[in-house]
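Me: I'd like to go through this one feature by feature. Could you give me the general idea each time, and then the case at hand?

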Amino acid sequence: MCYDRLGILNGGVMTMVDVPVNLARKLAKIDAEVAAHKAEIARLGRDKIAQAKNTIFTCGSCKKRVPFARCDFIQEHWYERPHSCNEGGSWNNSEVGFCHILCPLCLEENYIYTHTDREKILFLLAVHKLDPEAIFAVMWDRFGAGREKRRRTAQTRAGITW
């Protein structure tokens, strides 16, 4: 049996190990397959997000149809009071169903919980666990009535505006 001498980094120390050539080749082939599959998974994830962005949303107010990519998503937050002297109050994210989608045409907020497209929205965001930041044009965080704050996403950090 033939062996290759390979350097293995173990705990910050380089150790030389004799590895059978067959095993080294098989593992290298498996590593190449894993890398190819990871690239395919990343591509499929991008395709999934693109499909979700192009999904049509019907505004409950103006009844016009627009893709999710043009709408804004408003993440609701609710306040929890402190339970004792040692704890501070905290803001918590509401579930997707209790958030709003802002129509870009009439600027009306559509409450997801009572919207006719509720099942489609929950299917994309809750069942498939797609990130709203990747699908919608702008993300807003709402802390109580009338206290919206634009979320700093990768797009806003890069200076991209709509």
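Me: Which residues form a nonpolar patch on the surface?

Reply: Some ground rules to begin with. This is a predicted model, where local features need pLDDT of at least 70 and side-chain atom pairs count only at pLDDT 80 or more, while totals for chains, interfaces and linings use all residues. Residues are numbered from 1 along each chain as its sequence is written, and side-chain values use heavy atoms, with hydrogens and water left out.
Patches are built from residues with over 30% relative accessible area and no salt bridge; like charges are joined within 9 Å, and nonpolar side chains (Val, Leu, Ile, Met, Phe, Trp, Tyr) within 5 Å. A salt bridge here is a side-chain nitrogen of Lys or Arg within 4 Å of a carboxyl oxygen of Asp or Glu. In this model the patch consists of L23, L27, I30 and V34, with about 330 Å² of accessible area together (Shrake-Rupley method, 1.4 Å probe, only the protein chains shown counting as cover for residues).

Me: Where is L23 placed, and is L23 buried or partly exposed?

Reply: L23 sits in helix α1, residues 21-53 (helices are DSSP runs of H or I with at least four residues, strands are E runs of at least two, numbered from the N terminus). With a relative accessible area of 41%, L23 is partly exposed (buried is under 20%, exposed over 50%, partly exposed in between, with a 1.4 Å probe and protein chains only).

Me: How many disulfides does the structure hold?

Reply: A disulfide is a covalent bond between the sulfur atoms of two cysteines. The cut-off used is a pair of cysteine sulfur atoms within 2.5 Å, and the structure holds zero of them. For C59, the nearest cysteine sulfur belongs to C106, 3.6 Å away. C62 is in no disulfide either, with the sulfur of C59 nearest at 3.8 Å. C59 is buried at 1% relative accessible area, whereas C62 is partly exposed at 25%.

Me: How many aromatic pairs are there?

Reply: A pair of aromatic rings is described by the distance of the centres and the angle of the planes. Rings of Phe, Tyr and Trp (its six-membered ring) pair if their centres lie within 6.5 Å; planes under 30 degrees apart are stacked, over 60 edge-to-face, the rest tilted. The structure has five such pairs. In one of them, F68 and F136 have centres 5.3 Å apart and planes at 65°, so the pair is edge-to-face.

Me: Why does that pair tie together parts that are apart in sequence?

Reply: Because F68 is in the loop between β4 (65-67) and β5 (72-80), and F136 in the loop between α3 (132-135) and β9 (138-143), the pair ties together parts 68 residues apart in sequence. F68 is buried at 2%, and F136 is buried at 6%. Ring pairs also link F57, F68, F73 and F136 into a cluster.
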